[in-house]
Each structure stands twice: as structure tokens, then as C-alpha cells.
Amino acid sequence: MSIVLPPPGKFAGYIFDCDGTLAASMHLHYRAWKKALADHGAKIEFTWEFFISHAGRGVEQFVGLLNTEHGESLHPAKVAVTQDEILAEIHHTVEAVPEVFAFAQQLAANGQKQAIASGGTRDAVTRTLRYIGASHLYDVVVTIDDVKHGKPAPDTFLEAARRLGVKPADCVVLGDSVLDIEAAKAAGMAWVKLEPK
């Protein structure tokens, strides 16, 4: 798939989702989720399609959804710890999405404001950025740990805009999930939908 970057229009702030957008990490998260859920006795058939349809949710938020909508009785915090431990073991294999990473480098070289706004935990996002060599590109990194409501609520993107010092209407979101786009719309931001990687 060819990614059309930069997004059409003039923007003061560029807000990137991390997993599946800047980093080709969704397969690693899927492996970690599948094993963590099995280890905790989940009964749901955890398919790739189901996982992708909920991409962007915080870990504990997602476990809560499995409990309320799919009849599970999982402990959100315990599953979150297990999922992160499994992810940490394989995280070093993550790679950047070349076209998106190159665009982020171009923005940095031009002195344009950009941020990461992720549904992941700070620990996981920090590891991802370090492993793909992108830590230096982002002074602003907002994660699920920084907001009260995760995606599809607009909180993550609004907090990123606030920290950038840019009005939401002057920002564009680059994301790979339906929740990214719903959150961007709710934040009053332009958006570009990329294919999950």
C-alpha cells in the first residue's frame, strides 16, 4: 500500500498514533494479547480481525470491554501486566513504518510541531519509540496514562494539542484505527487514515 504524505492542507501540529501507524507493531501486540488472554483463562476466540477492530483502546479499557460485552470475568490490571510482560520480551523486534517514519523525520527537520498520542501505556510507547529510533523526534508523547478517557474519546489528541501549544482545529491526526478517526473527529481535528501495520 502506498501512503499519501504529507496530508493535504496546512497544519500547525501533526499528531501521530504510535502502534500500527509510526511503528509496524500490531502483530507483536496481537501475539502478546493472545497469550495474555489465554494465560488468564479467557474464553473468547481472539482473532486478528477482532483485535484490529478494537485497536487504539487502552489495555485495561479493552479488558473491561471483554468483560461487559463478551461475558469474560478477567482482572483488567492483572491482564495488563501480563500483556506488557509478554510484549516486552518480543518488543525489540519492532520496526518503523518506513514512509511514516520518513515523514516524521521531515517534519522534525523542518521544525514543525509533532506529537505522539497513543492508547498504549507510557512504558510500552517509550519502548517502541526507542526501538525504532524515534524518541528524539517527539518532545510531546501522550499515552493512556495521561488522560481520563482513552480513544474514541478525544482526550488523548486534545492533550497532545495542548502540550504542543496548537489549537485542535490546526492539527491533523495520522492514525490506523477506527478509534483514532473517531477521536480525531471528536477533537475537531483533520485526520488521515492509514492501514494498520
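The legends below describe close-up views of a predicted model.

View 1. When neighbours within four places in sequence are left aside, Ser118 is in contact with Asp17, Cys18 and Asp19, with Val125, with Val142, Thr143 and Ile144, and with Lys151 and Thr156. Lys78, by comparison, is 40 residues from Ser118 in sequence, and the two C-alpha atoms are 21 Å apart in space.

**View 2. The largest nonpolar core, with Phe16 as one of its residues.** This core has 32 residues, and those with the most contacts inside it are Tyr14, Phe16, Leu22, Ile116, Leu129, Ala134 and Tyr138. At least two residues of the core are supplied by each of strand E1 (13-16), helix H1 (26-39), helix H4 (76-90), helix H5 (98-109), helix H6 and strand E6 (171-175). The largest share, five residues, comes from H5. Phe16, not counting residues up to four places away in sequence, touches Val100, Phe103, Ala104 and Leu107, as well as Gln114, Ala115, Ile116 and Ala117, and finally Tyr138 and Leu174.

**View 3. The packing of helix H3 against helix H4.** Helix H3, which covers residues 59-70, packs with H4 at an angle of about 125°, and the axes of the two helices are 9 Å apart. H3 is therefore described as oblique to H4. The crossing in which H3 passes H4 is right-handed. On the H3 side the contact is made by Val59, Glu60, Val63 and Asn67, while on the H4 side it is made by Pro76, Ala77, Val79, Ala80 and Gln83.

**View 4. The buried residues of helix H6 and what covers them.** Within H6, the residues Ala124, Val125, Arg127, Thr128 and Leu129 are buried. Of these, Val125 is also one of the residues in contact with Ser118, and Leu129 is among the residues with the most contacts inside the largest nonpolar core. The elements that cover the buried residues of H6 include strand E2 (23-24), helix H4, strand E4 and strand E5 (140-142). H6 is followed by Gly133, which has a positive phi, near 75°.

Definitions and conventions
Residues numbered from 1 in each chain as written. Predicted model: local features only at pLDDT ≥ 70, side-chain atom pairs only at ≥ 80, totals over all residues. Heavy atoms only, no water. Contact = heavy atoms within 4.5 Å. Core = buried A, V, L, I, M, F, W, Y, C linked by side-chain atoms within 4.5 Å. Buried < 20%, exposed > 50% of the residue type's maximum accessible area, 1.4 Å probe, protein only. Helix = DSSP H or I, 4+ residues; strand = E, 2+ residues; numbered from the N terminus. Axes fitted to C-alpha atoms, helices over the stretch in contact; angles between N-to-C directions. Parallel < 35°, antiparallel > 145°, perpendicular 65-115°, else oblique. Left-handed = near helix turned anticlockwise from the far one by under 90°.
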